Amino acid sequence: MTPAARISAAIEILDRIGTGDPAEKALTNWARAHRFAGSKDRAAIRDHVFDALRCRGSFAALGGGQGGRALILGLLRAQSCDPATIFTGERFAPEPLSEEERAVLAQPVPPDLARRDWPDWLIAPLSERLGADFDTVSEAMRARAPVFVRVNVARATRDAAIAALAEDGIDAVPHPLSTTALQLGDGARRIQQSRAYQDGCVELQDVSSQAAVGTIELAPGMQVLDYCAGGGGKSLALAAACPDCEIHAHDIDPARMRDLPLRAERAGARIAICAPGTPGAGYDLVLVDAPCSGSGTWRRTPEAKWRLTPERLDDLVALQGRILEEASALVAQGGRLVYMTCSLLAVENEAQAALFAARTGWKLTFQRAYSPVTGGDGFFVAQFERKA
Ligand SMILES: C[S@@+](CC[C@H](N)C(=O)[O-])C[C@H]1O[C@@H](n2cnc3c(N)ncnc32)[C@H](O)[C@@H]1O
């Protein structure tokens, strides 16, 4: 496909998303209906679509509207690419620019572009929480997220993993935020086909998430419950950090843990899967990786940014409080409770942790927040012990 044909495809897909289709579904449906498109075409189209969703507010301002065509005009303008060279109307290229579009493109660049890429109602809470980092984080959240893997230290050293990835043409360098993290460069898109991945030497996991797991002290023999295990990213990281801990994974929705046995086998990890609603009790450590806004990961899932509403956020905050209480009842005397989110919002993080400590017999002993300023996603970890 020509660059212009890929742009036409991205416009069509963005229009589908604009009518309410989830991005992944719109991309898959487009690929099914256009089997001639190769993997490089699909990857390029996907990048255009996700770039446009990530910067929907600023591209709409630059391109003059929320439709696929306007968003792509905004994208091209942001990249200093003359849209007239793409919008030619030639075979498979988008129709030539209208007078109206030309007039929009001739206007001066609107101010505060990065701010427009947050939902309006979140600008105040985010700028309050992030303070001096707000502008840096806002800018970082408009770009594609870096790809990180966690070296499965139970299987390989960091140097051995770097060498194994290099054999498959994937560049990887250590990241200072976590001793287990590698940031991938060229070849990152092939990670799941690489031998290092298939042999369980590396797992995809954001560096902030790895760093947060790294703050948890573990000891052989400990009984650990990952209460909201989902796909099992934290269970796997805990098992790699302490192979002699007993890791139990639980989720209210067992379908979310479907791939965990396979992932655990690949990693050589022992993880016991609990049936929903029967997580057991008396654990030395219970981890709550809570359902949240996901605002720290919006670079990866940009459409979620525009779907979050104040009401949905309130519901999530209430749910997090309830889950913390449920999970705290499963901790043995003298044990610890750990709370995590991939959120940038105080209401889900510091405020949630403080509220939980204030209304229960638990003491907040540690908390740390991460943001793209340190390279990874927005993330938060808090640890609690029972008050004496
Ligand atoms: C942020 S995701 C977990 C991600 C996962 N820990 C990982 O590392 O891949 C939150 C999970 O909490 C689960 N969940 C929601 N409500 C729950 C509840 N009341 N009890 C247990 N799990 C719950 C969801 O099904 C979802 O899988």
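Biologist: Which of the 15 residues around the ligand come nearest?

Modeller: The model is predicted, so local features need pLDDT of at least 70 and side-chain atom pairs count only at pLDDT 80 or more, while totals for chains, interfaces and linings use all residues. Residues are numbered from 1 along each chain as its sequence is written. The nearest of the 15 are C228, G230, G233, I252 and D289; a residue counts as near if its C-beta atom, placed from the backbone, lies within 6 Å of the molecule.

Biologist: What makes β1 and β3 paired strands?

Modeller: Strands are DSSP runs of E with at least two residues, numbered from the N terminus. Two of them pair if DSSP finds at least two bridges between them. Strand β1 (residues 147-151) and strand β3 (residues 181-184) are joined by four bridges, therefore they pair under that definition; they run antiparallel. F148 stands opposite Q183 in β3.

Biologist: How do you know that β2 and β3 pair?

Modeller: Three bridges link strand β2 (residues 172-174) to β3, in the antiparallel sense, and pairing asks for at least two. V173 also stands opposite Q183 in β3. A hairpin of six residues connects β2 to β3.

Biologist: Why are β2 and β4 called edge strands?

Modeller: The open sheet has four strands in the order β2-β3-β1-β4, with antiparallel pairing. Both β2 and β4 (202-204) pair on one side only.

Biologist: Where does the domain assignment place domain 2?

Modeller: Domain 2 is given as 147-205, with bounds taken from an automatic or database domain assignment.
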